[in-house]
Amino acid sequence: MLGAVPNPVFLPTHATSYQSSNQQPADILQTVLQQIADHSKRLDDHDRIHTEIARLQKELSAAHLRIADLEQVNAQLSAQLNTQQEPLSSFGSQIDFDQLDSQAPKPISATSTNNNSRLPSTNPWTNSNHINNTIKQTTTKKYNLKRQARKEQAAIRFFQPPSANQGFQYLYFNTKTRMPIGQVRRHLRSININNGRILDIYYPEKNILALLIHNDFTDELKSQLGQHGITPKTSYDPTSPDILHDKKYQDMTTQDRTDIAFRLHVERMERAVRNIRYPVSLTVAHAFLEHGWISEETIAELAPNNKNKNIFNTTGISKYSINSILQHTTSSTLLFITETWLLPPNKFITNWPQNHTYGQIRSQRFRTAKAGISLLVNPNCQLQPTIITDHNPAYSQYHLSCIFAGTLYHCLYLPPSISTEKALDIIQHLPKRLPHTVNTIYCGDFNARLGNYTGDHRTDPRGTQLHQWILNNDLTLWNTKLSYGQPTVYHNNGTSIVDFFISTHDLTNPTLTIRDDLSLGSNHKMLHLEYELPENTTPPSITQPPRPIWKLSRLRDLDKRNAYITTFQQISQPLAE
């Protein structure tokens, strides 16, 4: 049997091709091959487009499924918000973010190299930044509510009659270990104890903690702690010789040990009243005086008749960490801080009035800074400093200047990166005296080593130039007079003396204390300068000229009014021209 004959294919003969198109067979074959190649290319394009359409349809189906899942999660969150009974401040603690992350569908993994083909995640709870911001906002709101409640309680106490239970007392508690005071206050805060009403915390001996409170707060504190099974010791004597556990006291008589224990307690009470904010410290001091724990001379020293001034180089400090420094400067009037690393408009979280020479941006991407100087003023101080503005950008970033109580202050931070010539130029640029000032004090971190002049073990070129400037201007370097050889910086390679107090005139009964007993998160130590204020420190008042009083009723007289108009036109004629 013969099979079906396929459709015949007619190829042009030589004669026909020659007669119809006058083309050679080689040209005809090349044309056919080109058409075949074009068709093959179009088929490849169609296959690629078909594959892309199939992929897009698959991703579209996955997107629809993802949208449905997100709508379900959104419905669950909405239902949870509608049924939630507590305020928004507890919102962050009621949602299981890990559970939400497990419920949320995974992102689509696109195979295309085009990043625009990937669908972004629209679930906010899979975004760690969104979660952190939500927790931060709710925590801040909760803190503000507690702070507002404490302010309301303080305001209510103000309008109450004086308590019949005046006085202060220490409550003593057993502790398992000894921990820093800041950590103790965090523990008290975690069980809703108002730290503002605990005036002092210390350890009289091992495993014993003492809390100083007002008598009116005693019952409330005992009740709050009693809910957690914490009770104070009923009988404890901080002046007993039994609290002396050092072996060097074992061979002493009972009377000697009693005298030593009492003396140590008195020294501790004196430190306590100095660390309590003024004027509460005076009230506490008088209560301690009744117990015989401090002397009247100590009370006299607490009165604000002395000038206490601190400088401290922090090499960067969080605006939330300032209280760890201020707790050691409660008796100070002014506190200068260098290398704050603050950028505008940031401020320290404190009630101390503050002024800043902000630092310079070190990294625009991470918003980190370098340098910076801050001035904080004790809120109990009746006077406020007058800030001196420097409009020269070449110098203004290196100092913060002010006038306070008749004294001109220049606090400087001269980084090691600038040249010796520029550092000295900055110092000489500052005025040595201004009207209504009786003294000028230069202080801060000079990053200069003056060798034997300050008791340092080396000298550098900047220190040599600074020493010569001090001698040429007949200035007084108080580190040399009051704390010779005492380092202000401790680092791995040794110590150095680079933080100074320099004045143009002598100070009355000055004392300079370098707090090498405090760390405060910096290798620089806090410097505390104290001296008596001059008798006449208040600048004389500027008498204003009397203000002219215009008798406008005289303008009702037509002649006088015309004369006034004529005179005004004549005088103002040059201005019009």
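Predicted model: local features only at pLDDT ≥ 70, side-chain atom pairs only at ≥ 80, totals over all residues.
Let me start with Asp45 and Arg48, whose side chains form a salt bridge with the closest N and O atoms 2.5 Å apart, a salt bridge being a side-chain nitrogen of Lys or Arg within 4 Å of a carboxyl oxygen of Asp or Glu. Residues are numbered from 1 along each chain as its sequence is written, and side-chain values use heavy atoms, with hydrogens and water left out.

Asp45 and Arg48 are three residues apart in helix H2, so about one helical turn separates them; helices here are DSSP runs of H or I with at least four residues, strands are runs of E with at least two, and both are numbered from the N terminus. Asp45 is partly exposed at 26% relative accessible area, whereas Arg48 is exposed at 54%, where buried means under 20%, exposed over 50%, and partly exposed in between, with a 1.4 Å probe and protein chains only.

Glu267 is partly exposed at 32% relative accessibility, and Arg263 is partly exposed at 42%. The structure holds nine salt bridges.

What about disulfides, and how many does the structure hold? It holds zero, a disulfide being a pair of cysteine sulfur atoms within 2.5 Å. The sulfur of Cys411 has its closest cysteine sulfur in Cys443, at 4.2 Å, which is too far for a bond. Cys411 is buried, with a relative accessible area of 0%, and Cys443 is buried, also with 0%.

On a 1 Å grid over the protein atoms alone, a cavity is a set of points where a 1.4 Å probe fits but cannot get out, and lining residues have an atom within 4 Å of a point; grid points are joined across faces, edges and corners, and the volume is the space filled by probe spheres set on the points. Among the residues lining the largest cavity are Leu414, Phe446 and Arg462. Helix H13 (420–429) and helix H14 (461–472) each supply at least two lining residues, and the largest share, four residues, comes from H13.

Finally, some backbone details. In the loop between strand S5 (334–338) and strand S6 (354–357) we find Pro345, which is joined to Pro344 by a cis peptide bond with omega of about 5 degrees. Trp341 is found in the loop between S5 and S6 and has a positive phi of about 60 degrees although it is not a glycine. Asn447, in the loop between strand S13 (439–445) and H14, has a positive phi of about 50 degrees, although Asn447 is not a glycine.

Notes. 1 Å grid on protein atoms, 1.4 Å probe; cavity = no way out; pocket = protein on both sides within 12 Å on 5 of 7 lines; lining within 4 Å.
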